[in-house]
Amino acid sequence: MRYRLDINGAIREVDVPPEMPLLWVLRGELGLVGTKYGCGAGLCGACTVHVDGAALRSCQLPVGRVGQAKIHTIEHIGSTEAGARLQEAWLRIDVMQCGYCQAGQIMSACALLGQKAQPSDAEINSAMAGNICRCGCYNRIRSAIRIAAGMDEEGSHVA
Amino acid sequence: MSHELLRAGVDRRTVLKASLLAGGGLALEVLIPLPASALKAGEQAQAGPAQLSAFVSIASDGTVTIMSKNPEIGQGIKTSLPMIVADELDCDWSQVRIAQADLDQKRYGEQYAGGSTATTRDWLPMRQTGAAARAMLVQAAASKWQVDAGQLSTARGRIHHAASGRSIGYGEVASAAAAVPPPDLASVPLKRPDQFTLIGRPLVGVDSHRIVRGEGIFGVDTRLPGLLYAVYEVAPAHGGRLVKADIESARQSPGVSHVVPIAGNGDADMGLADGVAIVASNWWLANEARSKLRVEWDLSAAKGHSSAVYRSEADAAIAAGPDMHLRIDGDPAAQLASAARRVRARYDYPFIAHAPMEPQNCTARYADGKLEIWAPSQTPQRGLDQLRKVFGIAPEDVTLHLTRAGGGFGRRLMNDYMMQVTAIARAIPGVPIQLMWSRQDDIRRDYYRPGGWHSFEAGIGADGELRAFTDHFVTFGDGKTTARAAGFNTAMPPAGLIEHLRYSQSMIPTVVTTGALRAPGSNALCFASQSFLDEVAVAAGTDLPHLMLRMLGARREVAPPPGGSVVFDTGRARDVIERVVQTSAWSEKPAAPRRAKGFAFYFSHRGYFAEVVEASVAGEKIVVHKVWVAGDIGGQIVNPMGAENQVRGAVIDGLAQALAGQAIEFVDGAVQQSNFNDFQLARMPATPEIEIAWVRPDKPPTGLGEPALPPVIPALTNAIYAATGKRIRSLPVRVA
């Protein structure tokens, strides 16, 4: 089947079976390898992308159901205001170890900040619980989200 | 320990060769000799042509390029080793570019990520290399200005002559420096620690900018023109053999271009199991086609290899008594017989998987007898050796590129994926192939941290001193040799600290592949022994930190047991214990009910770590509130930014092993877990605050990938005991 997908602000055409998850369209057909495979079952969040602004697991989204939705991936996130702040915060405290899951972490964090400009710790934990970091960078992921949200690293609001 | 480092740096004679960089500048070849054992007979370490792969090069515009020689798996070595070179070179970090070296051990020395060894091994050679390059640049400037080199100083990539006020950038003298005879590395002056400008400064990882932008730098991101994607179906049980395969309907699946049955070589260590490869234009299409395969497997070798059977075999082995003694000090039997108080307990832990986030994968192209590989491997040289053994491919016919790896944890010490992709690429010559395992494959085909059982006994004197300590360890092996990463550590405390001690062992056979997992030989032994010593401490009327301090006694060096090489310094152990007792306010007990602190200490991979966990228990729910860590990995923390991340990661990893229910179980050799639903990793909501304190004696720096992990598990189980009175003697933790 041929699909015209709105990805990172451009229309991309692919010819793939409708059941193929968006993840494998991105990685295998379009060369957008920033979105990662981790589990194929929606358990780890490594493949998180934005579909009309909402964080979704692209390994669970068949391309046939994408339709006209606007897809944003990690490759594009730096051109959004919140995404750029998150990238900067990630680098300020060098969140990552191996880095493999971080695209998914940033995508989930960005969707969170889209819903809540200054989330509480409980809201951060809840929004990020679906994203596994095997290296255990969670303390810094939390801090980076706070920094990007204009709060200090420990969670209180910067005056 | 310092003697060992000196040998690595001086006696083995790291050699420098200088040449003119293409386009102008200095290219420095550094030959860091391999240990004799790593060279074939008659072979000598040799430099290839310089230039492109020079270890350190300084271009005429001042850009310093440093090769990162070791695999980067998230431990931060790609940043920290170049930092050491750049500091002694006295250049500005913004001038530095890091390039990942291909595998070439004759040129770069050992290229290996494992055992927290790189910082220990490379600290001095990296410093000498940077210092030598600096000395050559200074000499070139001295010649240019007709002054004595002793009158010149350097800072941030420039050479200054205070007397005349002149200064010049490194790049401007780099070409001239190529003609300066390289200095003797053993005597090249090194900085004093107070002169370091980069070492000890928290620096952002050199790949971090690319990671946050989603650039493709991992093994699975390798993209080549005409690349096809492969999956590799193997038997559903460990040790299974392929009998026959009907591949027709898989071959007709959408996107599938090739289906290739492959005969393994029967050697599980080599990792080329019997299987069927499916190759397609998209990985998902290849994976989808697996359900169309009709394969008959011979699973008879795995019959009876079930977790329940292993448990009953371990029970029988403990009841029968040890097959062999590994270490006997003094007369533990007599001391136990005369002890005022005896404590006995059994401990056990399960097999666990590594489960790095990037599944095992490898990319290869085979054409005209030449093999090119892109591998996220921790042991690329071992992979090269395996290619010769398994396929007869000569090392000179292989080009092996190291990609960043999405986590290692010891899994990528094995090169099974490299053998598999090579077998597929050889069957489809000229076509680049990327093999990737599904998560299910990755969980089910691991080289697991093996399970084990311990039967401990301790004798306590009337004075409350620990008089005797014995451990009967039941592990996996063929009766003569333990399985990979299933051995004991006869230096395990309290060995060397008390007079009467016995360590014994029995083995039960397994077909399951086992291997090293972060802090191998320590992660599980520390849980069992430090939890049991906590029982001993309570029985002796004290607590574990104070029992450990009493046993450690005066500051001294304890010689390693026969076959060992690492000296244990009781003073350094005391210092981290005393530090964490202080930082955690150990003597202050939490006021809330069923909330308490637990402590543990371990010495692993040359690092001294003492940790305290504060946890509370409500029903079946365990909450870890805070973890305090005191660590000693020598006088210099090369990159505190990465170092603190390693410690936090190790703590979180250990807590997940205990609390997330991690256990791999078998039924007739078939793994029962398959994904992150039934093999759980740590998640953010369970992550506690982690406070780190460094003890920094004047000792050479050592590695940090591993040693922070072991103590956190018994610190947690000891906290649970203190909170509830229930001993946790089996992992994963269950309090119900």
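**What the words rest on**

Modeller: Gladly, and let me start with B:Ser116, which is buried because 23 other C-beta atoms lie within 10 Å. Buried means 20 or more other C-beta atoms within 10 Å of the residue's own, exposed means 12 or fewer, and partly exposed is in between, with C-beta atoms placed from the backbone. This is a predicted model, where local features need pLDDT of at least 70, side-chain atom pairs count only at pLDDT 80 or more, and totals for chains, interfaces and linings use all residues. Residues are numbered from 1 along each chain as its sequence is written, while chains are lettered from A and ligands numbered from 1 in the order in which they are written.

Colleague: Where is B:Ser116 placed in chain B?

Modeller: B:Ser116 sits in the loop between helix 3 (105–108) and helix 4 (118–145) of chain B. Helices here are DSSP runs (H or I, at least four residues), as are strands (E, at least two), numbered from the N terminus. The phi of B:Ser116 is near 50°, a positive value in a residue other than glycine.

Colleague: What makes B:Ala519 buried?

Modeller: B:Ala519 has 30 other C-beta atoms within 10 Å, so it is buried. B:Ala519 also has a positive phi, about 60°, although it is not a glycine. Its place is the loop between strand 22 and helix 14 (523–539) of chain B.

Colleague: How do you know that B:Thr65 is buried?

Modeller: The count for B:Thr65 is 21 other C-beta atoms within 10 Å, so buried is the word. B:Thr65 belongs to strand 4 (residues 64–68) of chain B. Apart from neighbours within four places in sequence, B:Thr65 is in contact with B:Ser57, B:Arg97 and B:Ala99. Contact means that the C-beta atoms of two residues, placed from the backbone, lie within 7 Å.

Colleague: Why is chain B called as compact as a globular protein of its length?

Modeller: Chain B comes to 18 helices and 30 strands. Its radius of gyration is 27 Å, close to the 27 Å that the globule rule gives for 736 residues, so chain B is as compact as a globular protein of that length. The radius is taken over C-alpha atoms, and the rule is 2.2 Å times the number of residues to the power 0.38. Buried residues make up 56% of the 736 residues in chain B.

Colleague: Why are helix 3 of chain A and helix 4 of chain A called oblique to each other?

Modeller: Their axes come within 9 Å and cross at roughly 130°. Axes are lines fitted to C-alpha atoms, for helices over the stretch in contact, with angles from 0 to 180 degrees between N-to-C directions. Under 35 degrees counts as roughly parallel, over 145 as roughly antiparallel, 65 to 115 as roughly perpendicular and the rest as oblique. Helix 3 and helix 4 of chain A are therefore oblique.

Colleague: And how many residues does each chain bring to the contact between chain A and chain B?

Modeller: Chain A brings 46 residues and chain B brings 46 residues. On the side of chain A that touches chain B, helix 6 of chain A gives the most, with 5 residues. That side divides into 26 nonpolar, 14 polar and 6 charged residues. Nonpolar covers Ala, Val, Leu, Ile, Met, Phe, Trp, Tyr, Cys and Pro, charged covers Asp, Glu, Lys and Arg, and polar covers the others, Gly among them.
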